[in-house]
Amino acid sequence: MILIADSGSTKTDWVLISTTKEVLLKNTTKGLNPTVFSDTDLYKTITSNTEVMKHVNEVSHVFFYGAGCGTERPKNVLYEVLQEIFTAATVSIKEDIYAAAYAVSEKKEGIVCILGTGSNCSYFDGKEVLLSKVPSLGYILMDDASGNYFGRILLRDFFYRKMPKKLHDKFQKEYNLYPDDVKLNLYKKGSPNSYLASFASFLVTHKNEPYCSEIIKNGFSDFIENQITQYDKVYDLPIHFVGSISYFLQEELRHALKSFRLNSGNFIQKPIDNLVTYHIS
């Protein structure tokens, strides 16, 4: 059996495929970003997936695509955890941008971007991914236009009272914003980037409000300038996107790309279904 996992910082989608190319199960667990979670947390999350664990000894190959797997140290941590669990399997781990490229590019040359809890951008030549010229330094310094990027802005503006009053009141009613609880989630709990990203849905819901539309516009401009335009052939290639932020704000993102004279490509929310097709074929 082949086990495929596509993992962000918030969620991991799992698919198990039989030797006859039949999809046996599909489910979702918490995210498995090895730069955020300890090896113990990674182990617990994977082994808590009881449906997958029923077939643990039958899995011959694990293809894992994940956020935080772009550098050797966290990648090796995750590899050791997966190898400990799936003892009979050959384990392959690649950064989540590979899953995006395989899922969205139709095996053609293009720029492939992820805008979800975090953000990323790479060039795909139709076969191989050329990783970003800019190393990712995580959610504190980078991740432009991601869920955690927008969530951070909303939280700061709320507490600095920069939100319009109508939105300030709605934001306060919708979320637990007690300062002690906010600090607990940011500095003591295990996934601060996912916590920040949880506020981004407010921006999507109220995207037509001038305050929100300006934040969205500025975030997309930052991402385009800092990530997409680093590639030499960018003006001649389609720009593809994977992730909830780009999917639910694709109209605004298409407009931002057009203002930079860039070409919109495909937009999908989750790559897992297309990723299964890629591996089966």
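My notes below go from the overall build to the cysteines.

Ground rules: I am looking at a predicted model, where local features need pLDDT of at least 70, side-chain atom pairs count only at pLDDT 80 or more, and totals for chains, interfaces and linings use all residues. Residues are numbered from 1 along each chain as its sequence is written, and side-chain values use heavy atoms, with hydrogens and water left out.

**Overall build.** I found 14 helices and ten strands in the protein chain (DSSP runs: H or I of at least four residues for helices, E of at least two for strands). The C-alpha trace spans about 55 × 50 × 30 Å along its principal axes. I then looked up contacts, meaning heavy atoms within 4.5 Å. Of those between residues at least 6 apart in sequence, 66% join residues at least 24 apart.

**Burial.** I call a residue buried under 20% relative accessible area, exposed over 50% and partly exposed in between (1.4 Å probe, protein chains only). By that rule, 51% of the 281 residues are buried.

**Cysteines.** How many disulfides does the structure hold? I got zero, taking a disulfide as a pair of cysteine sulfur atoms within 2.5 Å. C113 is in no disulfide either, with the sulfur of C121, its nearest, 3.7 Å away. I noted C113 as buried too, with 0% relative accessibility.
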